[in-house]
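Subject: Structure handover

Hello,

Here is the structure for your files. My notes on it follow below.

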Amino acid sequence: MNKVIILIFLLINVTDFESKPDQFIARQGQVSFFSYTSVENIEAKNDQVLSIIDLSKNEIAISMLMNAFKFKKSLMHEHFNESYIESDLYPKATFEGKIKDFDILTDGTQTRMIEGELTIHGITKEVEIKTTIENIDGRYLFTGDFEVAVKDFDIKIPPILVPNIAKIISITFRFEYQPYEK
Amino acid sequence: MNNRNKIIFFFFSTVLVIGGYAYFEFNKRPYKDIETMYTDTFINSSELISLFMLNENSANSVYRNKVIEVEGIVKEVTFLNNRNTVLLQGSSTYSSVLCDMKDDQVEEIEKLRKGQKVKIKGVCKGFLKDVILLHCLLINTPINE
């Protein structure tokens, strides 16, 4: 957790001598997750995900509040926060990584792999995420999806609810970045 | 009605009532009625941001998951990703209070202007770079001058 805070501060404080901004921010990034089983479908969305990218170093940092996910039913929200994710103990999920082979000069769309550490429920895993990067008039749009296994993050599901929750959760994301003005 | 029928009748009506209640509980939509929810704390936006910046943990223990009313000056209104968001100024430009408004607030939000003083009620979720409030409502919208 501290590493992410340090990283974000570093990204923010690095002085910028060039005319073209290196740092871009998305304060209202979207992250959704889906769990499909024959018993029920669960989906939730977080519209207030923070992300900062530094294109001079090809670095990306993401931080989100787990209790800001919105569900269709309040009981799902309650179970998610109190029993599974334990958002009192682990309020944030974070990701920090590097965009591989990113070419700042490419206009339009490029698909790149982002490699880094994903921390959910206090557990950190190395992940590699395929991301579509669009450059629209000097702004950036990152979109993509990936999957995580519930068991990788030490999330305990009571036996009675096992059929209701998928073993593999799909996650989609969409970040619209703007030049970061200090 | 003899006794046996009475018992059966009571049994079934109890099951029906419990079932109905359970169905209602399971399908409850979150924060449908924030209007009627009791406000835990009143605070202004700069103060709220300062508290989170100074000590996130202690601010979390006071404000996290609480219904709060925040008074502040509109810094920006955005409609990104089909969400209606009002940002309230803090004492520095670094942070603000990010209020995710309820869908029925669109009309009032469209009338808001930068620099206007407003009061917003919502559920505080915590702090990233901004303090995040969800399910927000404008209260006492001042009449346009």
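Which residues are buried in helix H2 (residues 45-54) of chain B? They are Ser45(B), Ser46(B), Leu48(B), Ile49(B) and Phe52(B), where buried means 20 or more other C-beta atoms within 10 Å of the residue's own, exposed means 12 or fewer, partly exposed is in between, and C-beta atoms are placed from the backbone. These residues lie on the same side of H2(B) because they cover an arc of only 165° around the axis, the arc being that of the directions from the helix axis to the C-beta atoms. Helices (H or I, at least four residues) and strands (E, at least two) are DSSP runs, numbered from the N terminus.

On conventions: this is a predicted model, in which local features need pLDDT of at least 70, side-chain atom pairs count only at pLDDT 80 or more, and totals for chains, interfaces and linings use all residues. Residues are numbered from 1 along each chain as its sequence is written, while chains are lettered from A and ligands numbered from 1 in the order in which they are written.

Interface. On chain B, 20 residues are in contact with 17 residues of chain A. Helix H1 (3-26), strand S4 (96-101), strand S5 (117-127) and S6 of chain B each supply at least two residues of that side of chain B.

Chain A. Two helices and nine strands make up its secondary structure, in the order α-β-β-β-β-α-β-β-β-β-β. Of its 182 residues, 31% are buried. The mean pLDDT (the predictor's confidence in each residue, from 0 to 100) is 89 for chain A, with 88% of the residues at 70 or above.

Asp137(A) is in the loop between strand S7 (123-136) and strand S8 (139-149) of chain A. Asp137(A) counts as exposed because it has 5 C-beta neighbours inside 10 Å.

Regards

Note on methods:
Contact = placed C-beta atoms within 7 Å.
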